[in-house]
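Here is a short briefing on one protein. Look over the sequence and the structure before reading on.

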Amino acid sequence: MNHKPSLNEYTMKHYYLLFLFCCISLAVAAQSKPTFTGRETIDIRVPTPGLFANSNKLVWNLDSIGKDKYAFPLPGAKVISGYGTHHRRNHSGVDIKTCAKDTIRCAFDGVVRLSKAYGGYGNVVVVRHGNGLETIYSHNFTNFVKVGDQLKAGQPIGLTGRTGRASTEHLHFETRVNGQHFNPNLIFDMKAGKLLNGTVKCVKKGASVLVKKLTQ
Ligand SMILES: [Zn+2]
């Protein structure tokens, strides 16, 4: 006797296919949405998983970044304290200032890895960019963004403040790779408020990363 599938069996098959389709869509969506480890969302100095897995070198070609793919984090700001060692203290970023509660802008397209109050940093945002570069925005009066938010260059991420260890309203701006800070003046002319030209090379040596500008 021939068994003819009943209408019910057809419907079940359709539901099954629909269910399968939904699972695949969700898996694709989950894959494209960046995920962070617990530590990545609570600590600033965290190595980026897999960043140097295939090579100990990373090269950033600043000339290849389109005009709409970068923004100065605080337009019109003046530098009030530079990067590096002064007065026997090591400054991990550059302090720039306009006025209180001015809009801080995301430097490049990226994903928010951390957004919270963090000790001396006060309210801080860490954004991870596609090429392993991370930018940090600190002492904010308020943060507009949360972990996992996908940001465009120039997008507002918070307002300047003096939360944490700060004696005046300003933006403490850092650039990091693999959790390690380096001189933001290799990427931006912090005085002129402009993105630099040229190429920056990162070489991993042991636990640390050497970041330098390639001369053309
Ligand atoms: Zn600072």
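What share of the contacts in the protein with a separation of 6 or more comes from residues 24 or more positions apart? Such residues account for 63% of those contacts. Two residues are in contact if their C-beta atoms, placed from the backbone, lie within 7 Å.

This is a predicted model: local features need pLDDT of at least 70, side-chain atom pairs count only at pLDDT 80 or more, and totals for chains, interfaces and linings use all residues. Residues are numbered from 1 along each chain as its sequence is written.

**Overview**
- The protein has one helix and 18 strands. These are DSSP runs (helices: H or I, at least four residues; strands: E, at least two), numbered from the N terminus.
- Of the 216 residues, 31% are buried. Buried means that 20 or more other C-beta atoms, placed from the backbone, lie within 10 Å of the residue's own.

**Nonpolar core**
- The largest nonpolar core has 37 residues. Such a core is a set of buried Ala, Val, Leu, Ile, Met, Phe, Trp, Tyr and Cys residues joined through C-beta atoms within 7 Å.
- Ile 96, Cys 106, Val 125, Val 126, Tyr 137 and Leu 171 touch the most other members.
- Strand 8 (123–128) gives the most to this core, with four residues.
- Val 126 touches Ile 44, Arg 113, Leu 114, Glu 134 and Ile 136, not counting residues up to four places away in sequence.

- Three strands form an open sheet in the order 6-12-10, with antiparallel pairing. Strands pair if DSSP finds at least two bridges between them.
- Strand 6 (103–105) and strand 10 (142–143) each have a single partner strand, so one side of each lacks a neighbour in the sheet.
- Three bridges join strand 6 to strand 12 (156–159). Ile 104 has Gly 158 as its bridge partner in strand 12.

Terms used. Buried ≥ 20, exposed ≤ 12 C-beta atoms within 10 Å, placed from the backbone.
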